[in-house]
Amino acid sequence: MEKNLLEKEKVSVIIPVYKVEAYIRECLDSVIQQTYKNLEIILVDDGSPDQCGRICDEYARRDARIQVIHKENAGVSAARNTGIDVATGTYLIFADSDDVLHEQMVETYMQYVDEKHLVLCDHVSDMEKTKQQLNVSTAHLNRSLFMELFIRDYVNPPYNKIYETRIIKENQIYFPENKNLGEDLIFNLNYMRASGQDYFIIHAPLYYYRPGRTGSLSNSVRKDLFQIQKESFGYLKAFLQEEDIWTEENADIYYGLYWDRLFMTWRQLRKGNVGMAEDPVWKDVWNECRTRGLCTWKRRIKNAVLILEHVNERR
């Protein structure tokens with residue numbers, strides 16, 4: 001496809017903005033410098049108390065493609081939903097305001113989009129990779145191989161995908177505003193359910209996410225994380241069953257990953273959370289792992305540690 005033909009399609013870029021004044025200029029520069037120019041850049045200032053709102057307005061004066069929405073703080077989900085409501089592009093991408101896009105990210109996406117595939121890209125925590133000349137390889141995954149996609153961390157993030165705006169709006173797909181962890185998974189499962197698409201992966205470092213930023217929700221330990229893990233895996237299983245892709249292969253990956261995530265969460269939260277080791281979910285998931293031959297020696301050691309902790313809690 002010729003580049004000028006591709007640029008007939010407008011792409012909306014939705015960026016929620018909150019307390020990132022140290023990083024937002026780098027993010028916005030990476031967006032306005034995209035080699036693909038037909039963009040609608042929607043900045044949603046979520047009542048940020050720092051200079052972010054002023055910086056957004058400054059960039060809007062410099063680039064006519066940018067529109068800024070200032071609103072009272074209501075969280076990242078509400079900010080993204082506000083962006084969805086006003087988006088007019090054929091396609092839609094999300095970016096976090098402390099992250100950086102490779103200058104060819106949108107152009108590369110647009111070389112591969114079609115109605116049959118959800119197009120995804122690699123996301124990296126090494127910013128230098130986003131400054132290198134692209135060396136692109138691609139892979140096609142049938143939707144029945146969903147859990148392979150999930151375990152490689154392609155499903156959860158909203159920032160590594162290009163969505164069809166029509167599908168989002170016709171099916172009223174929004175981020176749940178009553179959650180601030182696990183909401184991305186729910187949004188993406190709803191989109192995948194509505195689209196029925198296979199998956200097309202662009203193996204190239206198109207998106208840089210900033211790990212370990214102070215104040216980031218993803219960098220904080222939640223006391224309700226154990227419950228969130230159970231809810232997320234409940235959504236995940238329901239999706240697999242409803243989409244008729246609850247295969248033995250997917251189920252094996254699901255239960256092995258479920259056990260590992262539960263144990264990881266328990267280790268993070270066990271101090272001050274007496275009784276977590278007694279939750280019946282442990283027995284249910286472990287029995288599935290044992291039935292399916294997933295009890296590796298590492299998982300057996302973890303299970304023994306958990307049993308010992310359970311005994312100590314009862315004393």
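Which residues of helix α4 (residues 76-86) are buried? They are S77, A78, A79, R80, N81, G83 and I84. Buried here means under 20% relative accessible area, exposed means over 50%, and partly exposed lies in between (1.4 Å probe, protein chains only). Helices (H or I, at least four residues) and strands (E, at least two) are DSSP runs, numbered from the N terminus.

The model is predicted: local features need pLDDT of at least 70, side-chain atom pairs count only at pLDDT 80 or more, and totals for chains, interfaces and linings use all residues. Residues are numbered from 1 along each chain as its sequence is written, and side-chain values use heavy atoms, with hydrogens and water left out.

What covers the buried residues of α4? The cover includes β1, β2, β3 (66-71), β4, α7 (165-170) and α8 (183-195). Contact means heavy atoms within 4.5 Å. Helix α3 (residues 52-62) has its own buried set: C52, G53, I55, C56, E58 and Y59. Its cover includes β1, α2, β2 and β3.

Seven of the seven residues of β1 are buried, so the strand is largely enclosed by the rest of the structure. Both of its faces are covered. V11, V13, I15 and V17 lie on one side, and S12, I14 and P16 on the other.

Now follow the partners of β1. Strands pair if DSSP finds at least two bridges between them. β1 pairs with strand β2 (residues 39-46) in the parallel sense, over seven bridges. In that pairing, P16 stands opposite V44 of β2. β1 also pairs with strand β4 (residues 91-94), again in the parallel sense, over four bridges. Here V11 has Y91 as its bridge partner.

β1, α2 and β2 form a right-handed β-α-β unit. Right-handed means that, with the strands pointing away from the viewer, the path from the first strand over the helix to the second runs clockwise. The loop between β1 (11-17) and α2 (24-32) holds K19. K19 is partly exposed, at a relative accessible area of 47%. Its C-alpha atom is separated by 9.0 Å from that of G47, 28 residues apart along the chain. S30 sits in helix α2. S30 is buried, with a relative accessible area of 8%. Leaving out residues up to four places away in sequence, S30 touches V100 and L101.

Turn next to the later helices. Axes are lines fitted to C-alpha atoms, for helices over the stretch in contact, and angles run from 0 to 180 degrees between N-to-C directions. The axes of α8 and α9 come within 11 Å and cross at roughly 5°. The two helices are therefore roughly parallel (angles under 35 degrees; over 145 counts as roughly antiparallel, 65 to 115 as roughly perpendicular and the rest as oblique). L185, I186, L189, M192 and R193 of α8 meet S232, Y235, L236, F239 and E242 of α9.

Helix α9 (residues 225-242) also packs with helix α10 (residues 248-269), at an angle of about 170° and with axes 9 Å apart. That makes α9 roughly antiparallel to α10. The α9 side of the contact includes L225, F226 and F233, and the α10 side includes Y254, L257 and Y258.
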